[in-house]
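Me: I've got a new structure to look at and could use a hand. Can you walk me through it?

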Amino acid sequence: MFVSHVKPDGDTLGAGLALGLALKSLGKRVGYFQQDAVPRNLRFLPDTEFVARAVPADLPKDTLWVFGDMSDFSRAGEYLPQIARENMLNIDHHLGNSKFGFLNYILETEASTGTCVLRILKAMNVPVTPDIATCILTTIMTDTGAFMHTNTTADVLRISAEMMERGADKPLITDWIFANKRFAATKLVANAVAAARLEEDGRYCWTVVDEAMLKACNADGEDTEEIVQHLRAVEGVEAAALFKDFDGAVRVSLRSSGKVNVQAAAATLGGGGHFMASGLTYPGDLDAAIVGVRAALKAEGL
Ligand code: AMP
Ligand code: MN
Ligand code: MN
């Protein structure tokens, strides 16, 4: 069984699907567990029709549970059955992974969990089919922001080229993930950016999306994805924050321009991620989150 993190992205899902497709080609029985529904923009990926919150009733006791792209197993959500640690394989590239598995394959320098999976597939000598290549390229394009972020190394570009040579459908990925936005999503970006504030002498840009704003734009949580990158891209900004105050919690997305370690800032508040991109669920209301996140960022040099 492959397990994706809550609010799944193209990395957690693409990595699981790539490994699942490969193991199926070896005749293994494969399932995919994910607490939340497959986001609209990832439904082009092969095998997503088999991704569900449900767990098959007839799973053997020695079923291997593979957790992908999560720094801690709590990121899988609340609907997993009890799983013995010896049945857990943890594949990840986050900083500060809690190594919750019996086996932990953690490569912090990899651009995506998908490229960690690719290393495993190569070691196993499993053929990388066009479908698998599309999944792996999706993980890379998701976590590099379509080759924009600083984790886009020469190696990442070489692997991406190799995935294209093996049949990865890059135009399909670009279309589904980075184009063809719902009008509601574009309206939401406009509203959230219009409400943004630039503080700390221009080094900190932040905004809030709440229930009312979602409703006004006819948007939902999936439409919030690209907002924070607009804040981070403002000249002089060292750190950007998006406060998502809906669905009964305050979730925060943090981005850095290279100076502030937002993973460390998020970790002090119970979250995690990477140096340049992290997230957390704030244990308090919006006002407290705004104060707490600023303090955590300042402690990291903002
Ligand atoms: P996001 O802002 O949701 O795109 O997340 C950015 C990065 O932070 C990703 O690598 C996530 O896996 C990580 N992240 C987001 N939320 C959390 C959380 N509550 N706990 C740990 N890591 C998180
Ligand atoms: Mn992820
Ligand atoms: Mn990732």
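Reply: Strands (E, at least two residues) are DSSP runs, numbered from the N terminus. This is a predicted model, where local features need pLDDT of at least 70, side-chain atom pairs count only at pLDDT 80 or more, and totals for chains, interfaces and linings use all residues. Residues are numbered from 1 along each chain as its sequence is written, and side-chain values use heavy atoms, with hydrogens and water left out.

Me: OK. In what sense do β4 and β5 pair?

Reply: β4 (residues 65-68) and β5 (residues 88-92) run parallel, with 4 bridges. Within that pair, W65 sits opposite M88 of β5.

Me: Which sheet has them, and in what order?

Reply: An open sheet of 6 strands, ordered β3-β2-β1-β4-β5-β6, with parallel pairing. β3 (51-52) and β6 (103-106) are at its edges; each has a single partner strand, so one side of each has no neighbour in the sheet.

Me: What holds strands together in general?

Reply: Strands of a sheet pair through backbone hydrogen bonds, parallel or antiparallel.

Me: And the sheet with β9, what's the order there?

Reply: That open sheet of 6 strands goes β7-β8-β9-β10-β12-β11, and its pairing is mixed. Its edge strands, β7 (197-199) and β11 (272-273), each pair on one side only.

Me: Parallel or antiparallel for β9 and β10?

Reply: Antiparallel: β9 (residues 239-246) and β10 (residues 249-256) share 8 bridges. L242 has S253 in β10 as its bridge partner.

Me: New topic. How is the chain split into domains?

Reply: Domain 1 covers 2-179 and domain 2 covers 183-299; the bounds come from an automatic or database domain assignment. Their C-alpha centres are 25 Å apart.

Me: How many residues are in contact across the two domains?

Reply: 8 residues of domain 1 contact 11 of domain 2, where contact means heavy atoms within 4.5 Å. The domains bury about 880 Å² between them, 40% of it on carbon and sulfur atoms. Buried area here is the accessible area (1.4 Å probe) that two parts lose on being put together, summed over both. In domain 1, K7, R40 and L95 lose the most area to domain 2, together 52% of what that side buries.

Me: How many salt bridges between the domains?

Reply: There are 4 between domain 1 and domain 2, each a side-chain nitrogen of Lys or Arg within 4 Å of a carboxyl oxygen of Asp or Glu. R40 and D220 also form a salt bridge through their side chains, at 3.0 Å from N to O.

Conventions
Chains are lettered from A and ligands numbered from 1 in the order in which they are written. Two strands pair if DSSP finds at least two bridges between them.
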